[in-house]
Amino acid sequence: MKKFICGLMAALIATSMLNCNFAEAKNYYSKEFNAWETQREVAIRESSSPEIGHVSIIEDENSASMSADYNGDGKIENVRITRMRNSDYTKATITVTVNGKEAVKLNLGNKLSTMYVQFNSVKLGSSMLGILQYGDNDYAAGGINVYKWSKNSLKLLKTYNTEGYLWSFVSSDPGKKGKYLYLADSKQLYNSSKNAWPKAIRKKYAKWKNDSVSVTKTEFIKFVLKKGKLKKAGKDTYYKIGTPYD
């Protein structure tokens with residue numbers, strides 16, 4: 001899974017400046033076996049708003065900090081993330097401080113990976129959101145917490161955990177006003193006796209129905225910010241057929 005996810009991340013970075021072309025509640029299917037991620041661009045494209053500040057810690061690092069205007073008030077804030085964890089990264093306490101004051105304290109004991117941790121801000125409409133993400137070295141098997149900035153405080157709006165690879169971005173949707181926060185959740189589906197593909201997938205990929213191939217399912221979940229709360233505004237799903245990678 002690691003090699004595939006690294007390739008997926010590289011492809012996402014390469015396409016990050018393309019215009020978004022999401023359709024409301026639709027499924028898309030790759031047409032070629034082992035098609036590269038550019039095949040997805042025909043149906044779904046990403047145009048990410050730039051992230052503001054980026055601080056991260058990896059593996060054996062205990063803390064890191066970076067200064068930037070995270071909350072959009074025209075002043076520079078120093079954000080530090082600190083992690084205390086067990087030996088296999090499945091239990092951890094993650095702390096985010098802003099200008100030396102604790103803003104977030106997250107106790108994780110749900111066996112999700114906290115090997116890598118990162119924090120940044122994005123702008124959604126007139127609001128600034130803080131994105132705290134954790135996972136393994138590809139940010140899989142982890143989660144994302146979304147916060148709303150209020151001066152130097154962070155209010156939790158959304159928690160999303162997954163066994164697969166997870167990432168987020170802010171983008172527009174053609175024909176609709178404003179921008180949306182997207183959480184993208186990518187998982188591999190095995191076509192085996194214990195975990196058979198859903199009927200719709202088997203029909204689409206009938207000629208590849210055997211245990212030597214797999215389907216990667218990526219859900220793009222769209223959220224809007226209304227009255228200080230994140231509300232789901234739709235979902236698009238992309239399926240890719242190829243060689244198992246985990």
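**Exercise 1. Which residue in β9 does L132 stand opposite?**

L132 stands opposite N145 in β9. The model is a predicted one, in which local features need pLDDT of at least 70 and side-chain atom pairs count only at pLDDT 80 or more, while totals for chains, interfaces and linings use all residues. Residues are numbered from 1 along each chain as its sequence is written, and side-chain values use heavy atoms, with hydrogens and water left out.

Step 1. Strands (E, at least two residues) and helices (H or I, at least four) are DSSP runs, numbered from the N terminus.

Step 2. Two strands pair if DSSP finds at least two bridges between them. β8 and β9 pair in the antiparallel sense, over six bridges.

Step 3. β8 also pairs with β7 in the antiparallel sense, over nine bridges. Here S121 stands opposite G130 in β8.

Step 4. The hairpin of β7 and β8 has two residues between the strands, and in it G125 takes a positive phi near 65 degrees.

**Exercise 2. Determine how strand β8 is covered and how its residues are directed.**

Step 1. Buried means under 20% relative accessible area, exposed means over 50%, and partly exposed lies in between (1.4 Å probe, protein chains only).

Step 2. By this scale, nine of the nine residues of β8 (residues 127-135) are buried.

Step 3. In a regular strand the side chains alternate between the two faces of the sheet.

Step 4. In β8, S127, L129, I131, Q133 and G135 point one way. M128, G130, L132 and Y134 point the other way, and the residues of both sets are buried.

**Exercise 3. Trace the aromatic pairs that involve F119.**

Step 1. A pair of aromatic rings is described by the distance of the centres and the angle of the planes. Rings of Phe, Tyr and Trp (its six-membered ring) pair if their centres lie within 6.5 Å; planes under 30 degrees apart count as stacked, over 60 as edge-to-face and the rest as tilted. By this rule there are twelve aromatic pairs.

Step 2. Y70 and F119 form a tilted pair, with 6.0 Å from centre to centre and 45 degrees between the planes. Y70 lies in the loop between β3 (63-68) and β4 (77-85), whereas F119 is in strand β7 (residues 116-124), so the pair ties together parts that are 49 residues apart in sequence.

Step 3. Y70 is buried, with a relative accessible area of 0%; F119 is likewise buried, with a relative accessible area of 0%.

Step 4. The ring centres of F119 and W149 are 6.3 Å apart and their planes stand at 75 degrees, so this pair is edge-to-face. F119 in β7 and W149 in strand β9 (residues 143-150) are 30 residues apart, and the pair links distant parts of the chain. W149 is also buried.

Step 5. Elsewhere, ring pairs link Y29, F33, W197, Y205, W208 and Y239 into a cluster.

**Exercise 4. Examine the salt bridges and the exposure of their partners.**

Step 1. A salt bridge is a side-chain nitrogen of Lys or Arg within 4 Å of a carboxyl oxygen of Asp or Glu. The structure holds four salt bridges.

Step 2. In the salt bridge of D60 with R85, the closest N and O atoms are 3.0 Å apart. D60 lies in the loop between β2 (52-58) and β3, and R85 in strand β4, so the pair ties together parts that are 25 residues apart in sequence. D60 is exposed at a relative accessible area of 58%, and R85 is partly exposed at 31%.

Step 3. D185 forms a salt bridge with K187, with the closest N and O atoms 2.6 Å apart. D185 counts as buried at 1% relative accessibility, whereas K187 counts as partly exposed at 32%.

Step 4. K217 and E219 form a salt bridge whose closest N and O atoms are 3.7 Å apart. K217 is partly exposed, with a relative accessible area of 26%, and E219 is buried, with 13%. K217, E219 and K235 are linked in a network of salt bridges.

**Exercise 5. Which residues have a pLDDT that stays under 50?**

Step 1. pLDDT is the predictor's confidence in each residue, from 0 to 100. The protein averages a pLDDT of 85, and 86% of the residues score at least 70.

Step 2. The pLDDT stays under 50 over residues 2-23. For these residues the model has 57 contacts (heavy atoms within 4.5 Å) beyond four places in sequence.

Step 3. Where pLDDT is low, the predicted coordinates should not be read in detail.
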